[in-house]
Structure formats: C-alpha cells, structure tokens
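Please read them with the sequence and the model open.

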Amino acid sequence: MSNKQVNLFSPVRIGSLEVGNRLVRSATAERLATEPIGRATPALASLLSGLARGGVGLIISGHAYVAPRGKAHPEMLSAHCDEMIPGLKTLAAAVHQNGGRIALQINHGGRHCDEACTPGTMAPSPVPTRSGRVPREMTPSDIADAADDFGRAARRAQLAGFDAVQIHGAHGYLIGQFLSPHTNRRRDAWGGSSERRLRFLAAVCEAVRGEVGAEFPVFIKLGMMDNLQRVPDGLTPDDGVRVVSRLADLKLDAVEVSGGYGGGSDFISRLAVGSKEPEAYFRSLAQRARAATHLPVILVGGLRSRALMDEVLAAGDADMISLCRPLIREPDLPNRLRSGEATAAACISGGRCWPKGMGQGIACKCEG
Ligand SMILES: Cc1cc2nc3c(=O)[nH]c(=O)nc-3n(C[C@H](O)[C@H](O)[C@H](O)COP(=O)(O)O)c2cc1C
C-alpha cells in the first residue's frame with residue numbers, strides 16, 4: 001500500500017515507542033566491550049552518543065550476549081548478568097542525553113560462537129560448521145535455559161533504561177539455527193516441521209514478554225531466508241514469510257528484515273552496493289513481510305541514497321530504513337540527509353569496517 005505522506009523524517013511508532021524519524025542504526029557489533037566479561041566502556045558510550053547527535057531516529061546496539069556460552073566473539077557487549085546493568089545504564093544515558101532512542105539487541109551465538117572465546121558450542125543439532133567443528137546437540141533443558149536467558153537479558157535492558165529490546169533472529173545465530181532446516185534436524189518438540197522449528201523463537205518471545213511486561217517495545221531482526229546458494233536445504237523465503245505471519249501473535253512490535261545463515265559479506269553485508277550489488281538488496285523480502293503482517297517493517301541491507309529510501313517508504317514496502325556501514329563512516333549522515341547537504345551515503349560497501357586488533361573498535365578503513 002503506497003503512502004505518499006510518509007517521508008524519512010516523519011515520526012513513527014514501534015509499539016509504545018515514538019521515534020522521531022524513520023532512520024535506524026542497524027545493530028552493529030562495535031567491539032568495544034571489555035574482555036572477558038563484555039562490560040560497556042566509555043568508548044562505546046561515546047560512539048553511541050555520536051550517533052544520537054548525528055540525528056538517527058533509533059539506535060540499535062551491537063548484539064549483546066544473553067549467556068556466557070552464547071558469546072559470539074571477543075569484545076562483544078554482554079547482558080548476561082545483573083553486574084552488567086550499571087555499564088548498560090551509561091550507554092542508554094549517553095544516548096538519551098543527546099536526544100536519541102536506543103534498543104539493546106540481545107543474542108545467543110549457539111554454533112556460531114568463536115571457539116577462541118566460547119569453547120564447546122551448542123546448537124539445535126550436531127551439524128558441522130564450515131570449519132568442521134561439531135556443536136553439541138542441546139538438551140531440552142539447555143533450550144529452556146537459553147529462552148530464559150533471553151528473558152532475563154531483556155529485563156536488564158529495561159532496568160538499564162533502554163527504550164526497547166531487539167531479539168536477534170538473523171544471520172545464523174541460535175534463533176536462526178532453530179528456524180533453519182539446515183541447522184535444525186531435530187525430531188522432538190523443537191524440530192521436524194516448520195511449526196516445531198518456530199517453537200524456540202516462541203519460547204524466547206514468551207520469556208522476554210514475561211520479564212518486561214506487555215507495554216515495553218520488543219521487536220526482532222529476522223533472517224527471512226538463508227543463503228541458499230551455500231545451504232540449498234536452508235530457510236526459504238516462503239519459510240520466512242510463515243515466520244513473519246506469526247510475529248504479531250508472539251507479541252512482537254516490529255520486524256527488521258534481513259538474511260539468515262550462510263555468509264557475511266557476500267550475503268548479509270554485501271560488497272560494492274550500487275555497482276556489483278543493487279541497493280536495498282532485501283527489498284523483495286520486505287515486500288513479502290509487509291503482505292504477511294500488520295507490524296511495522298524495517299528494511300536493512302544496502303540502503304544508500306535518499307531517493308531510494310524515500311521511494312521504499314512511499315511505496316509502502318517498509319516503515320523504517322536501517323543502516324549499518326554508512327553510519328560507521330558518517331555518524332552524522334541522518335542530519336546531512338535531512339538538511340540536503342548529502343543525498344547519499346559515502347559508504348562504498350568495501351567491507352573494511354572491522355578492527356584489525358583488540359581494543360580498536362569498528363571504523364571505516366575504505367579509501368574513496
Ligand atoms: C562491522 C559490522 C558489525 C555488525 N554487527 C551486527 C550485529 O551486532 N547485529 C546484527 O544484527 N547485525 C550486524 N551486522 C549486520 C548489519 O546490521 C546489517 O544487517 C548489514 O551490514 C547490511 O546493512 P548495510 O548494508 O547498511 O551495512 C554487522 C555488520 C557489520 C559490517
């Protein structure tokens with residue numbers, strides 16, 4: 001349904017949360033938390049306050065692990081115990097003092113954890129990873145514990161003053177591992193049919209709502225399809241649509257549409273957007289999500305030019321536009337798009353955002 005009244009800088013709601021404009025900072029692992037425990041640092045607060053000053057409507061933090069065995073990589077932020085709350089408070093306060101809104105993204109890495117920081121990974125099924133590592137199959141009590149871990153982490157975000165929580169259900173982490181037939185080969189209550197593969201996400205949503213109450217905004221980043229070139233037996237767009245159609249029943253407030261398992265830069269964060277890859281490369285998934293739910297739809301993946309962002313909104317394909325790499329390079333891009341000083345992101349999608357060493361944090365290292 002087209003909507004000509006909507007533009008990038010008109011307000012929007014995610015559940016009870018009013019957001020001043022339609023630009024979102026998509027979750028971006030900043031690699032600025034302490035080792036080994038994942039505490040927030042002043043450098044992370046400073047990065048997030050810079051984003052708030054840059055005018056983005058909603059900031060989503062880099063993924064924060066909900067339990068030690070869900071820690072995906074070194075220097076990842078954590079919400080796994082109450083001791084993390086004071087540090088998380090400094091992040092929410094830094095954003096609020098600069099007029100912004102912030103959601104904490106909560107995650108469990110499952111089989112997708114870096115062995116260097118999380119030995120002995122677990123997953124729905126013992127399917128070998130690309131590096132040949134075989135995760136341990138989760139027991140029913142591991143599964144119940146992991147869902148509860150999401151719930152408690154969400155409560156910590158709420159206590160720390162975050163405006164919302166985003167559940168990470170994309171990019172091949174634990175929730176995606178349960179949804180995907182490639183990584184979930186179970187034949188018990190948690191696998192074997194698309195309905196049973198959805199049960200872990202349903203358990204996570206129930207645990208989160210049980211902890212934060214009915215009013216607190218909770219939404220999801222969902223991988224609507226796996227990289228089927230790499231995993232032909234993975235999650236298909238039709239499977240993704242079925243999941244989207246259930247999200248309102250799971251009491252979620254919005255969905256950010258992304259890809260699932262099987263590749264980072266060649267599928268999720270594509271290189272050379274605008275030349276090799278089209279802008280807005282998950283737009284067709286957003287269109288299918290839009291048709292399957294009344295929840296607000298957030299589109300991420302290769303959004304670069306103001307004209308296309310406005311067009312996506314006016315066409316009604318999404319309600320919000322989410323950016324990751326462009327805001328690493330230009331945290332003030334939203335203000336400059338609003339004033340007309342910029343008409344597009346300078347990001348060339350070169351894939352050189354990650355730090356070279358510990359303690360450095362993300363930064364754009366692309367030339368040109
Ligand atoms: C350095 C870096 C860190 C990322 N960290 C996360 C993360 O913590 N959680 C997440 O859901 N996606 C993460 N992503 C994926 C992005 O949020 C986004 O989905 C993807 O890069 C496509 O958007 P873009 O074209 O605007 O970069 C990360 C991507 C990059 C490049």
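1. Leaving out residues up to four places away in sequence, Ile-59 touches Arg-25, Leu-48, Leu-51, Ala-52, Val-95, Arg-101, Ile-102 and Ala-103. The model is a predicted one. Ile-59 belongs to strand S4, residues 58–60. With a relative accessibility of 0%, Ile-59 counts as buried. Ser-26 is 33 residues from Ile-59 in sequence, yet the two C-alpha atoms are 6.9 Å apart in space.

2. On the nonpolar cores: the largest has 97 residues. Those with the most contacts inside this core are Ile-106, Ile-167, Phe-200 and Leu-247. As general background, nonpolar side chains in soluble globular proteins tend to be buried together.

3. Which residues does Ile-167 contact, leaving aside neighbours within four places in sequence? The list is Ile-106, Phe-150, Ile-175, Val-204, Cys-205, Val-208, Val-218, Phe-219, Ile-220, Lys-221 and Leu-252. Ile-106 is also among the residues with the most contacts inside the largest core.

4. Ala-254 sits in the loop that runs between helix H7 (237–244) and strand S12 (255–258). Although placed in a loop, Ala-254 is buried, at 0% relative accessible area. Apart from neighbours within four places in sequence, its contacts are Ile-14, Val-218, Phe-219, Ile-220, Leu-295, Pro-296 and Ile-298. Val-218, Phe-219 and Ile-220 are contacts of Ala-254 and also of Ile-167. Met-358 is 104 residues from Ala-254 in sequence and 34 Å from it in space, C-alpha to C-alpha.

5. Next, the ligand. There are 23 residues around the ligand, and Ala-27, Ala-29, Ser-269, Gly-302 and Arg-325 come nearest. An N or O atom in the side chain of Gln-105 is 2.8 Å from a nitrogen atom of the ligand. For Ser-269, an N or O atom of the side chain is 2.7 Å from a ligand oxygen atom. Arg-304 has a polar side-chain atom 2.9 Å from an oxygen atom of the ligand. Taken alone, the ligand exposes 610 Å², of which the protein buries 95%.

6. Ser-349 lies in the segment after helix H11 (333–339). Is Ser-349 buried or exposed? Ser-349 is buried, because its relative accessible area is 2%. Its side chain makes a polar contact of 3.2 Å with the side chain of Arg-304, the residue that also has a polar side-chain atom 2.9 Å from a ligand oxygen. Not counting residues up to four places away in sequence, Ser-349 touches Arg-270, Leu-271, Ala-272, Val-273, Arg-304 and Arg-325.

7. Last, the cysteines. A disulfide is a covalent bond between the sulfur atoms of two cysteines. The count here is 0 disulfides. Seen from Cys-117, the closest cysteine sulfur is in Cys-113. Cys-113 is buried, at 2% relative accessible area, whereas Cys-117 is partly exposed, at 22%.

Methods. Residues numbered from 1 in each chain as written. Predicted model: local features only at pLDDT ≥ 70, side-chain atom pairs only at ≥ 80, totals over all residues. Heavy atoms only, no water. Disulfide = S-S within 2.5 Å. Buried < 20%, exposed > 50% of the residue type's maximum accessible area, 1.4 Å probe, protein only. Core = buried A, V, L, I, M, F, W, Y, C linked by side-chain atoms within 4.5 Å. Contact = heavy atoms within 4.5 Å. Near = heavy atom within 4 Å. Polar contact = N/O pair within 3.5 Å; in protein donor to acceptor, adjacent residues only side chain to side chain. Areas by Shrake-Rupley, 256 points an atom, 1.4 Å probe, with all protein chains shown as cover. Helix = DSSP H or I, 4+ residues; strand = E, 2+ residues; numbered from the N terminus.
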